[in-house]
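Me: Please take me through a single part of this model in detail. I would like one connected account, with each term given its cut-offs.

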Amino acid sequence: MRRYFGRKLAIYALTFVVAVTLNWIIPRFMPGDPVLRMLTRTSVSNPEAIAPMRAYYENVFGLDVPLWKQYVNYWVELFQGNLGVSVWLFPAPVADVILHAVPYTLALLLPSILLSWWAGNKVGALAARSTWLDNTALPVSYALTATPYMWLGILLAWGLGIVAGVFPVAGGYSFELRPDWSWVFVGSLALHWFLPFLSLFLVAFGGWAIGMRNLIIYELEADYASYLAALGAPRRLIRRYAFRNALLPQITGLALQLGVLVSGALVTEIVFAYPGLGHLILQAIQNQDFFLLQGAFLFIVIGVLVANFVIDIVYVLVDPRTRTGMQGAA
Amino acid sequence: MTLQVDDLRVCYRTLMGEVRALDGVSFTVADGEIMGVVGESGCGKSTLGKSLVRLDNRMKHVGGTVTVDGEPLPIADDRAMNRFRFTSVSIIPQYAMSALNPTRRIGRLVADLLDAHGMSYAATRPELVRRLALVGLPETVLDSYPIELSGGMKQRVVLVLSTLRDPALLVADEVTSALDVSTQRAVAQTLVEFRDRGYVRGMLVVTHDISLVYQIADTIMVMYAGRLAEKAPSDVVVTEPLHPYTQLLIGALPEVGARFSERRLTGIPGRPPGLRNPPQGCRFRARCPLAFDKCAEQPPFVEVAENHQVACWKAGS
């Protein structure tokens, strides 16, 4: 058991190092110069003032040292919790900017991932035994899972936001409000949250429902199911076993889908101008904000790795076969 | 009388039409009798075993009746059969190695099953443990997952589980096929012991291994192409078979002391006929060395000596 988790942890650590390195490299290979951008923003009229200002900014962002040293510094700062200073929102520290956005992204991601997984599995399992539901839910699920996140987002915003006028189409809360803990504000948050959540939920739901339906049908054909039936076990018991066993691949599927769901959340946030990480990333790219981009990606990488690790643990708890495999390896 | 089967007809539904896997099979199994059912692959022996317990969704009951202890079994009605399964008819399936849910501890599985039948696991457990000990399994298997057991152990767990409620009839479908010869013998002896102890009253041992069934069965029934070819006490079938098919089957067995470097072991040339459009008359005709004109007519399954029934025109005369 310890060896299994040790090996897993080593793989995650390696993934983390590679991801952080890529994360550091990619913005620096992007065309454009953030310092130049800041200088133009300040619109200095005196050409002589530009050189010292450039030197000042390069010093602030740590760009005045050789590349390898920038890389080392990046790691050192990272472990001190310092992600640098944002270019776009200068001089706000990146960590602060991200921490303000993370709750929005989590509020979208966690419920949509977990609820779609739960509901998709339930509906898929029902579809496997009801022809009527199979003939309706299955095509709908296929359509949903094939829909790009942002397109469904735009459809929902147009249909429920603009035509029906039920939900707001942009922002994390009403523009008339300032963030505080009043009922009005929380209500506004919930109202703005619903459409982005729904578009994420629906796309993921379709995939889970299809997967579960196929898995259940496969499990009900398995030998243990026929044996139980031959011993006169009621259908309820056989279905319960089939459902439990079919959940195992779905848990693995959840681990594989996490990355997709996160990127789906990012584009959905952009569609709805939702103030989460996706929105930040778009702004960071448009403003050549290396540091904000790095910070946002870092959070996503950490999030996906942690979630995968949790799923690894869950899998060991629910499937006795993985446990035996570990004993064999130890 | 434990089991009485009358003119049982079962077919498989396929895309190309119905395959008549069982075409009018009648026999009885007495109390305490072990009957071996032998034949080549595709002769309908497994179909017969399955029909008595559970028709899968490709199988269709076409005609005939089955009664156990005088009570007719509703074999075409899956739900109504649930009342009889496990208590009056039970099966050890061909796939005993994979018959247990891989993600459930065996004890939990048994508890769930007993619970579904309205029985208490706590009350049944001592008997269960006693029977596991009888087949050489420790009580701890109940706390194990199926993957933690060897194939032979799983086979024995299934044997104990299938017979836990002392069914009137047990169908043992190819229970020894996947085992090595010494384990085969142990399993075969366990079947006899379960009968002797009254855990099972009648038994239908479906196998292609005549030599094994000869050791444990009281009666052997030979099937060919969905019909009965011959049925007689074990030693009669092996020593004085009357049906040419049985004779060829027995002749294909290696003999003790014979040197097969000098004389090649012969098989039966040809293959059993397809059952989608079975041939008229005797189905063994095409492969039979004794076939003559009359074989175009289906021979009746008649008693030619006491307890010895044969379906062959040449056998009676």
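Reply: Contact here means heavy atoms within 4.5 Å. Axes are lines fitted to C-alpha atoms, for helices over the stretch in contact, and angles run from 0 to 180 degrees between N-to-C directions. Helices (H or I, at least four residues) and strands (E, at least two) are DSSP runs, numbered from the N terminus.

This is a predicted model, in which local features need pLDDT of at least 70, side-chain atom pairs count only at pLDDT 80 or more, and totals for chains, interfaces and linings use all residues. Residues are numbered from 1 along each chain as its sequence is written, chains are lettered from A and ligands numbered from 1 in the order in which they are written, and side-chain values use heavy atoms, with hydrogens and water left out.

The part to look at is the sheet of chain B. Its 8 strands form an open sheet with mixed pairing. The order is β6-β7-β8-β3-β9-β10-β12-β11. Two strands pair if DSSP finds at least two bridges between them. At the edges stand β6 (89–92) and β11 (302–305) of chain B. Each has a single partner strand, so one side of each lacks a neighbour in the sheet. From one strand to the next, the twist averages 25°.

Now move along to β9 (219–224) and β10 (227–233) of chain B. Helix α9 (residues 244–251) of chain B lies across both. The helix runs at about 105° to β9(B). A225(B) sits in the loop between β9 and β10 of chain B. Its phi is near 50°, a positive value in a residue other than glycine. Most residues other than glycine have a negative phi. A225(B) has a relative accessible area of 1%, so this residue is buried. Buried means under 20% relative accessible area, exposed over 50%, and partly exposed in between (1.4 Å probe, protein chains only).

D7(B), in strand β1 (residues 3–14) of chain B, also has a positive phi, near 50°. At 35% relative accessibility, D7(B) counts as partly exposed.

What about the covering of helix α1 (residues 45–53) of chain B? Of its 9 residues, 8 are buried. Among them are K45(B), T47(B), L48(B) and L52(B).

Cysteines next. A disulfide is a pair of cysteine sulfur atoms within 2.5 Å. Over all chains, the structure holds 0 disulfides. C282(B) is in no disulfide either; its nearest cysteine sulfur, that of C295(B), is 5.6 Å away. Both C43(B), at 2% relative accessibility, and C282(B), at 13%, count as buried.

Last, confidence. pLDDT is the predictor's confidence in each residue, from 0 to 100. Chain B averages 88, and 97% of the residues score at least 70. Among the elements of chain B, strand β3 (residues 34–38) has the highest mean pLDDT, 94. Helix α10 (residues 313–316) of chain B has the lowest, 78. Where pLDDT is low, the predicted coordinates should not be read in detail.
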